[in-house]
Amino acid sequence: MKASSKALPSCVPGVIRDDKRIPKGYLPIVLVRDDEESGAETRVLVRIKDLQEPCIAALLEMAEEQFGYGQQGVLRVPCDAQRFEHVVNMARKAKVAR
């Protein structure tokens, strides 16, 4: 599988650091594209406090359904990077509106 390592602007600014250390308060997630044939994956960092947002929780439920609870290593989510960034942005906008 081909993997790219980047951070989405709404998750963590800049590229994931080369030393692979995860900043405090963040969780690494691998986004797996819907079309399994391409095998494209994108690694992003997400703020842990954003995981409680309903739309992100729904993505985590999709991950559980597709990959199960027993995932080894980094959490895999069945979502492409563009869609995931949209979900994160919507969650943050909803939080501000409250």
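These are my notes on the salt bridges in this structure.

**Starting point.** I'm working from a predicted model. I searched the whole structure for salt bridges and got three. I took them one pair at a time.

**E41 and R76.** Here the closest N and O atoms sit 2.5 Å apart. I looked up where the two residues lie: E41 belongs to strand β3, which covers residues 41-47, and R76 to strand β4, residues 75-78. The partners are 35 residues apart in sequence, so this bridge ties together separate parts of the chain. Next I checked accessibility. E41 comes out at 11% relative accessible area, so I put it down as buried, the cut-off being under 20%. R76 has 23%, which makes it partly exposed.

R47 is at 23% and counts as partly exposed.

**R83 and D80.** The side chains of this pair meet in a salt bridge at 3.7 Å, N to O. How exposed is R83? I find 40% relative accessible area, so R83 goes down as partly exposed. D80 is at 21%, also partly exposed, since buried would need a value under 20%.

Key:
Residues are numbered from 1 along each chain as its sequence is written. This is a predicted model: local features need pLDDT of at least 70, side-chain atom pairs count only at pLDDT 80 or more; totals for chains, interfaces and linings use all residues. Side-chain values use heavy atoms; hydrogens and water are left out. A salt bridge is a side-chain nitrogen of Lys or Arg within 4 Å of a carboxyl oxygen of Asp or Glu. Helices (H or I, at least four residues) and strands (E, at least two) are DSSP runs, numbered from the N terminus. Buried means under 20% relative accessible area, exposed over 50%, partly exposed in between (1.4 Å probe, protein chains only).
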